[in-house]
Amino acid sequence: MRLEKVRCEESLTSFLTTLGIDIEDGENLPFVGEYFVEFKGVKYEGKSLDELENIIMNLLGTYVVVPAYNEEKTIGKVLDELLEVFPPDRIIVVNDGSSDRTEKIAKSKGVNVITHLINRGLGGALGTGIAYALKKNARIIVTFDADGQHLVEDALRVMKPVVEEKADLAIGSRLKGDISQMPLIKRIGNFGLNVITAFFAMKYISDTQSGLRAISAKCAEKIRITCDRYAVSSEIIVKASKNKCRIVEVPIKAIYTEYSMKKGTNIMEGIKIALNLLLDAFRR
């Protein structure tokens with residue numbers, strides 16, 4: 001998160017200066033108070049100065065991974081919104097073999113861009129992005145779809161339990177939030193995939209296919225992604241659960257446009273996900 005300049009309570013000025021953070025009066029800057037950081041209506045809270053320092057370090061060490069395949073229509077706007085909150089060197093776009101201008105647009109925004117020569121699928125892109133973030137010593141990794149389906153404010157809310165170290169994996173649940181824009185067929189399909197995932201994870205998650213997640217580096221290091229396609233969404237939950245990572249859900253708003261409706265899973269993908277999880281279970 002952008003914390004190079006903040007507003008703060010006067011008593012914290014010296015403390016923040018020692019962390020290399022400048023103090024200014026900008027109305028839209030994050031505010032640091034007694035044991036909390038507040039930004040865009042989201043409050044990250046601790047109980048001591050040590051916990052406040054840890055929260056600040058977690059926020060500074062948060063990377064955003066954006067898997068993108070032929071997203072020239074939306075990638076520019078998505079990155080503009082992310083750049084209001086995160087510095088460009090903390091955003092990683094994995095251009096997954098796109099044949100359109102996705103790579104060119106992403107590079108023009110000054111963020112990290114990694115390009116696959118061929119399309120490997122969502123799992124391949126997330127695997128590349130998460131591995132890169134870990135190499136950069138990320139403390140927290142947020143995954144964020146490139147099709148305009150997520151709100152940056154929701155990403156800040158999903159990060160909260162991981163930043164406060166109350167969870168290892170937080171999943172933005174559209175089913176627990178405002179689902180007024182979610183088509184019925186999507187809800188039914190998600191429920192089927194939730195049941196399949198719960199069978200392997202021994203834990204029920206209300207929105208296993210959500211692309212908006214936050215995961216701690218410690219949990220991410222325990223997960224070896226083997227599924228290249230959409231099955232990765234369930235695979236991460238199954239492996240996080242098996243490795244005893246603490247998993248929580250955070251309500252988010254589902255945004256569906258005609259464009260984003262063409263993306264994501266369908267019945268055939270659901271069958272493939274089930275088969276992938278079954279094969280992965282036999283690999284162990």
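In this predicted model, the link between cysteine 219 and cysteine 245 is right-handed, with 115° about the S-S bond. The disulfide that joins cysteine 219 to cysteine 245 has an S to S distance of 2.4 Å, and the structure holds one disulfide. Distant parts of the chain are linked by this pair, since cysteine 219 belongs to helix H8 (residues 217–220) while cysteine 245 lies in the loop between helix H9 (232–242) and strand E12 (247–251), 26 residues apart. Both cysteine 219 and cysteine 245 are buried. Cysteine 227, by contrast, is in no disulfide, and the nearest cysteine sulfur, that of cysteine 219, is 16 Å away. Cysteine 227 counts as buried, at 1% relative accessibility.

A further cysteine, cysteine 8, is buried with a relative accessible area of 16%, and its bridge partner in E3 is valine 32. The strands concerned, E1 (residues 5–8) and E3 (residues 31–33), pair in the parallel sense over two bridges. They take part in an open sheet of five strands, which has the order E2-E1-E3-E4-E5 and mixed pairing. Strand E2 (22–23) and E5 stand at the edges with a single partner strand each, so one side of each is left without a neighbour in the sheet. Helix H2 (residues 49–60) packs on the sheet, where it touches E3, E4 and E5, and its direction makes about 40° with that of E4. Helix H6 also packs on the sheet, touching E4 and E5, with a direction that makes about 10° with that of E5.

Strand E4 (residues 36–39) and E5 pair in the antiparallel sense over four bridges, and in E5 the bridge partner of valine 37 is tyrosine 44. The hairpin of these strands has two residues between them, and lysine 40 there takes a positive phi near 50°.

Within the largest nonpolar core, which has 48 residues, Leu82 and Met159 touch the most other members. The largest share of this core, seven residues, comes from helix H6 (residues 152–163). Apart from this core lies another, of 32 residues, among them Ile92, Val94, Ile130 and Ala133.

Technical notes:
Residues numbered from 1 in each chain as written. Predicted model: local features only at pLDDT ≥ 70, side-chain atom pairs only at ≥ 80, totals over all residues. Heavy atoms only, no water. Core = buried A, V, L, I, M, F, W, Y, C linked by side-chain atoms within 4.5 Å. Buried < 20%, exposed > 50% of the residue type's maximum accessible area, 1.4 Å probe, protein only. Pairing = 2+ DSSP bridges. Contact = heavy atoms within 4.5 Å. Axes fitted to C-alpha atoms, helices over the stretch in contact; angles between N-to-C directions. Disulfide = S-S within 2.5 Å.
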